[in-house]
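This briefing is for a reader who is new to the structure shown below. Please look over the sequence and the model, then read the points by topic.

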Amino acid sequence: MKRILIADDERNMVWALKRALKDEDYQVISSENGEEAIGIIKQSEPDLVLLDMRMPKMNGMEALKNIKRINKDIPVIMITAHGTMGSAIEAMKIGALDYISKPFDVEELKIIIRKALDIRDMTRQIEFLTDELRNETGKEIIGESNNMKQVLDIVNRVATSNATVLITGESGTGKELIANAIHYTSDRAKMPYIKVNCGALPENLLESELFGHEKGSFTGAISKKLGRFERADGGTIFLDEIGEISLSMQVKLLRVLQEKELERVGGTETIKVDVRVLAATNKDLEEMIREGSFREDLYYRLNVIPLELPPLRDRKNDIPLLVQYFLDKYCKEIGRSKMEITEGALEILTKYQWKGNIRELENIIERLVILSRSNIITKRDLPKELISSDNHPVEYTLPEEGINLDKVEKSLIIQALEKVNFNQTQAAKLLGISRHTLLYRIDKHSIRNEK
């Protein structure tokens with residue numbers, strides 16, 4: 001329910017206005033002078049203010065200036081006496097949205113109020129969409145570690161091309177954010193950007209979502225529907241969780257990538273599309289190829305530009321930056337003052353292994369911001385699972401005679417690979433490293449699968 005503040009010292013006028021707005025589903029509050037109105041606005045901002053020009057203690061013009069200092073976006077309608085057009089124009093210059101002269105028509109006032117509230121809603125929506133777009137452009141990608149700098153360098157270099165990009169990495173590493181950055185820094189930034197979570201839809205619905213369908217093509221197809229590829233024409237489509245699609249869907253997707261054309265479900269018309277494809281997965285597609293659950297030809301079509309995101313445990317230097325970013329973000333969201341974190345607490349967060357990566361870190365910080373009574377986060381505020389010794393890397397005691405580090409590393413890698421039947425993704429998880437790092441070390445030690 002919209003809240004309207006009436007600031008007028010004439011009780012009969014306030015009564016008449018409240019009566020006129022009674023049936024409009026507004027919550028109407030009132031004040032007798034400018035100072036009282038400012039006090040109400042500071043405590044709880046209304047959605048709109050009806051402000052009389054002449055009031056005791058603080059006149060309407062001064063009250064308007066104060067209101068705009070508190071929040072320039074609150075719509076204010078001035079109530080002026082007959083023949084004070086000059087004052088009304090001055091008020092509009094200061095920031096009043098509109099004015100109405102006494103005596104006024106009640107229906108005219110209702111129209112002015114509705115328009116003012118519509119403008120306020122549109123302003124809020126524009127602010128929201130602007131913030132969303134700012135987030136989408138990649139400005140929230142935080143990282144100063146070397147491996148993240150390498151990722152961002154690739155993003156900058158591929159953004160202006162039309163090449164298909166396959167973004168891989170563990171769950172929670174920010175694959176969608178990277179895809180967003182690629183699109184919004186590309187030449188297609190002003191064109192459609194369509195996202196599809198391939199793992200969230202069953203196969204029959206996924207085909208219709210991607211390629212569209214004709215009227216009557218199946219039960220429930222009561223009208224023609226454009227698919228996501230058609231809607232993305234000229235722009236970009238982001239296929240998240242690409243490793244979840246069935247083999248039959250892979251064949252149909254391959255055709256679109258190869259031929260740049262599709263047919264709607266139940267249709268015969270060949271439709272040409274100009275779409276850049278970005279795909280993402282947390283699965284090992286090469287392993288799936290060996291298992292027969294992912295097509296090799298589709299993999300090579302998707303993997304034109306491979307982009308692997310490092311897990312958070314491999315970018316420890318970025319954790320303090322991310323912690324501060326999420327602290328500021330959630331403090332702002334819930335309206336609490338700025339929070340800080342002690343070095344001891346930050347050290348624990350930095351040493352933690354973060355199996356859920358950035359998403360897990362963000363959830364923890366959001367919880368701390370909401371539940372912490374102090375504005376300083378200490379070790380005692382951290383969840384128990386973070387300070388449990390089981391979550392910290394095991395510390396080994398170096399023997400007096402020393403060790404051959406290369407031999408120890410090679411031995412541990414072979415043990416991990418044998419434990420999971422040489423599944424590289426699972427072995428990397430056992431060792432707490434990325435698959436990319438594991439592949440480098442397998443090559444370094446010339447480890448081969450002898451089975």
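**A nonpolar surface patch**

Leu405 is exposed, because its relative accessible area of 61% lies above the 50% cut-off. The model is a predicted one.

- Leu405 belongs to helix H17, which covers residues 405-419.
- Together with Leu398, Ile403, Val408 and Leu412, Leu405 makes up a nonpolar patch on the surface.

- Five strands form an open sheet with parallel pairing, in the order E2-E1-E3-E4-E5.
- Strand E2 (26-31) and strand E5 (98-101) are the edge strands, and each of them pairs on one side only.
- On average, neighbouring strands in this sheet are turned by 20 degrees against each other, with direction ignored.
- Strand E4 (residues 76-80) runs parallel to E5 and is joined to E5 by four bridges.
- In this pair of strands, Thr80 stands opposite Ser101 of E5.
- Helix H4 (residues 85-94) packs on the sheet, where H4 touches E4 and E5, and the direction of H4 makes about 160 degrees with that of E5.
- Helix H2 (residues 34-43) lies across strand E1 (2-7), E2 and strand E3 (48-52), and runs at about 135 degrees to E2.

**The sheet with E6, E7, E10, E13 and E14**

- This open sheet also consists of five strands with parallel pairing, and the order is E7-E10-E13-E6-E14.
- Its edge strands, each pairing on one side only, are strand E7 (193-197) and strand E14 (305-308).
- From one strand to the next, the twist averages 15 degrees.
- Strand E6 (residues 165-168) and strand E13 (residues 276-281) run parallel and are joined by four bridges.
- Thr168 has Thr281 of E13 opposite.
- Helix H7 (residues 175-184) packs on this sheet and touches E6, E7, strand E10 (236-240), E13 and E14.
- The direction of H7 makes about 160 degrees with that of E7.

**The loop around Ser223**

- Ser223 sits in the loop between strand E8 (212-213) and strand E9 (225-226).
- Ser223 is partly exposed, because its relative accessible area is 40%, which falls between the cut-offs of 20% and 50%.
- Leaving aside residues up to four places away in sequence, Ser223 touches His213, Glu214 and Lys215.
- Ser223 and His213 are 10 residues apart along the chain, and their C-alpha atoms are separated by 8.3 Å.

Technical notes
Residues numbered from 1 in each chain as written. Predicted model: local features only at pLDDT ≥ 70, side-chain atom pairs only at ≥ 80, totals over all residues. Heavy atoms only, no water. Patch = residues over 30% accessible without salt bridge, like charges linked within 9 Å, V, L, I, M, F, W, Y side chains within 5 Å. Areas by Shrake-Rupley, 256 points an atom, 1.4 Å probe, with all protein chains shown as cover. Salt bridge = Lys/Arg side-chain N within 4 Å of Asp/Glu carboxyl O. Helix = DSSP H or I, 4+ residues; strand = E, 2+ residues; numbered from the N terminus. Buried < 20%, exposed > 50% of the residue type's maximum accessible area, 1.4 Å probe, protein only. Pairing = 2+ DSSP bridges. Axes fitted to C-alpha atoms, helices over the stretch in contact; angles between N-to-C directions. Contact = heavy atoms within 4.5 Å.
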